[in-house]
Amino acid sequence: NILFRRTNIRFDPIYAKTGGGEDVDYSLRVTEACNGGRLLAVPEARVVHPFWPGSVFSLASHFHNWAIGDGALFQTFPEHTYWSFPNLPETILFTLPLCCLQMNYRQYFQFVSFSIAADFVVDLVCDDYQHRIAVVQGIGKDRVKEKRGHLFYFFAHVLANLFILGLEFGRLRGHIVRCNFAHGPFRRFDWHIGRLPNAPNNFRKREAHKFCFFVAILSSIWYCA
């Protein structure tokens, strides 16, 4: 949540009415108009933001539509994007021509199902590894108010993965609708806008490890099947 003084700059209608990206676009244009002015943090501020009503699926749909909108940032600000390894939706889409030549419909359905399973296993292992490192380093210890069981964290991970998958499919869908193939697929937006110089490289390195792990798990599942 951001508070600005009144300016002549208005929200760009290129972004979806469902939200997503318009706040980042507006902030970048305002700071540019102020000759690179910086946003000031107000830690003591409190904002009441009611949670979206509805089921888990309606919330996932909200995230999906939000990602369709924020995908326009890639085209508007290509200087803030960088390449990275493919995520699951990109892998499924861009292997489609090869799979159609080498597989029948049943085999391709198996490939998609195995890819989703492999992606889930990779995220589960990597997130658990990062969590254990954070526990050892004491990161976020002061934020944990109540300990939960392993089953709770497992289902929380499943739910988080569904939301992330919805985001990634929505963003890719937005790139396809806008025909943004130059700065869309296989690229990520630097949400830190260069303020953290190593952020893109660190993200790319982490995604490289996850992608190699994904290929290994997918190959193993396919071979065993």
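Biologist: Which residues have the most contacts inside the largest nonpolar core?
Modeller: Y108, F111, F214 and L218, in a core of 14 residues. A nonpolar core here is a set of buried Ala, Val, Leu, Ile, Met, Phe, Trp, Tyr and Cys residues joined through side-chain atoms within 4.5 Å. Buried means under 20% relative accessible area, exposed over 50%, partly exposed in between (1.4 Å probe, protein chains only). This is a predicted model: local features need pLDDT of at least 70, side-chain atom pairs count only at pLDDT 80 or more, and totals for chains, interfaces and linings use all residues. Residues are numbered from 1 along each chain as its sequence is written, and side-chain values use heavy atoms, without hydrogens and water.

Biologist: Which elements give two or more residues to this core?
Modeller: α4 (88-94), α6 (105-137) and α8 (199-224). The largest share, seven residues, comes from α6. Helices (H or I, at least four residues) and strands (E, at least two) are DSSP runs, numbered from the N terminus.

Biologist: New topic. How many aromatic pairs are there in the whole structure?
Modeller: The search finds 11. Rings of Phe, Tyr and Trp (its six-membered ring) pair if their centres lie within 6.5 Å; planes under 30 degrees apart count as stacked, over 60 as edge-to-face and the rest as tilted.

Biologist: Why is the F74 and F189 pair called tilted?
Modeller: Because its planes are at 50°. The ring centres are 5.8 Å apart. F74 is in helix α3 and F189 in strand β2, 115 residues apart.

Biologist: Is F189 buried or exposed?
Modeller: Buried, at 3% relative accessible area. F74 is buried too, at 2%.
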